[in-house]
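Please open the model in a viewer and keep the selection panel at hand.

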Amino acid sequence: MAVWTLGINHHTAPLDLRGRFAYALEHIGPALHGLRQSLLQGHGPQPVESAILSTCNRTEIYCAAPSALPQPQRLALQQATLDWLARSGGLTAQDLAQYAYTHDQDLAARHAFRVASGLDSMVLGEAQILGQMKNAVRAAEQAGALGSTLHQLFQRSFAVAKEVRSSTAIGAHSISMAAAAVRLAGQLFEDFARLKVLFIGAGEMIELASTHFAAQRPQGIVIANRTLERGEKLAARLGAQTLRIGELPERLHEFDIIVSCTASSVPIIGLGAVERALKRRRNSPMFMVDLAVPRDIEPEVQAQDNVYLYTVDDLASVVQSGRAQREAAVAQAEAIIDSGVQHFARWLEMRSSQSAVVPLIQQLQQQAQSWNAQEVARARKMLARGEDLDAVLQALAHNLSKKMLHGAVSELRNGHGDADERQQTAHMVSRLFLRGEAPPRQH
């Protein structure tokens, strides 16, 4: 089996570049279809298993070919994966290559295990990535793109992540993006009780952020979301009000804190809207957090006086403050991951060796079925002639046994090769037909 992963993340690519390759969950299915069609041209008649993991910090493609491939063909498929991803973001493969990484075989498994365990996250040990990975697996399953190899890879990733979190302190003292945003807002504003907070979106990240900000008891909370039903559901839980997305430009000035995270492919809040809001606020400060990739808030907003805009990358230094306490657990987590990689490598090797004998197994099964059909047909003719049932069954069993043993018996009787080869043949026949009992010694 051939397994590889290719991607970009917060270590290798800037925010705006990552935004070009971000996939909303509902778009992953069609993307996987296009990817597999592209890879099919380079692999042949057998489709390549694939899954796409896309978060604000990374976009990664996981692939598995259904058979062992020579190195040149594996490299060609990896290049085809890069070509497809580059086209999807409007770049050349050469331009994307300087930001991308590729992991092959065991290294691909190690990377998946580290990602699932939170060791490759911006917030060391954060747990949100595990849920995002499970969503990516479900999307691949629904698209029919997840085969047995990737299924095994991801299930082992989840098991390793569970062991890391239960056996180490990797998640201790973790500071989330939402908590970091609250901390920064507290440095700008003295009293949350006088503040109005606007949340744009109603996804998992906004739910987390709104919970943290609601705990500070602001004067008011408003939820703006494209789907009113989901926005109203979150608002009811927080005791908040709702707002239509279309009303944002006229009401932006009302809010001291704005936190946005949607799946929009274009910015929702532009420079002009912010300039008008600041004018109506008489330049009272606005604290803005853009957790979306691609951006929800135009980057030019950052240059405005009295606007404090933070992106996911800007929050990185804040969320690292608890890193020192967690570093001690990394070595223990890596040891757990090492063990998981070794087990997956053995499984992969076993699957590869089995795939080499599958045609022979199929041929043996077809031969056995042919013998069965012949003898059953012969037995029916004997019964039709009125022959005794016991005699028919005896003949059926005798003829089947004779057919199945013919090759082994002939090989033993003919005695091809020297004494050592004949002894090896005898041992092999013994393993196959005598359940491993040693053949009788020749005198």
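Why is strand E6 (residues 220-224) largely enclosed by the rest of the structure? Four of the five residues of E6 are buried, so the rest of the structure largely encloses this strand; buried means under 20% relative accessible area, with a 1.4 Å probe and protein chains only. Helices (H or I, at least four residues) and strands (E, at least two) are DSSP runs, numbered from the N terminus.

This is a predicted model, in which local features need pLDDT of at least 70, side-chain atom pairs count only at pLDDT 80 or more, and totals for chains, interfaces and linings use all residues. Residues are numbered from 1 along each chain as its sequence is written, and side-chain values use heavy atoms, leaving out hydrogens and water.

Next, select strand E5 (residues 196-200), which pairs with E6 in the parallel sense over five bridges; strands pair if DSSP finds at least two bridges between them. Phe199 has Ile223 as its bridge partner in E6. Follow the chain from E5 through helix H9 (residues 204-214) to E6: this β-α-β crossover is right-handed, that is, clockwise from the first strand over the helix to the second when the strands point away from the viewer.

Finally, select Thr149 in helix H7 (residues 148-167). Thr149 is buried, at a relative accessible area of 1%. Beyond its neighbours within four places in sequence, its contacts (heavy atoms within 4.5 Å) include Met1, Glu49, Phe344 and Arg351.

Methods:
Buried means under 20% relative accessible area, exposed over 50%, partly exposed in between (1.4 Å probe, protein chains only).
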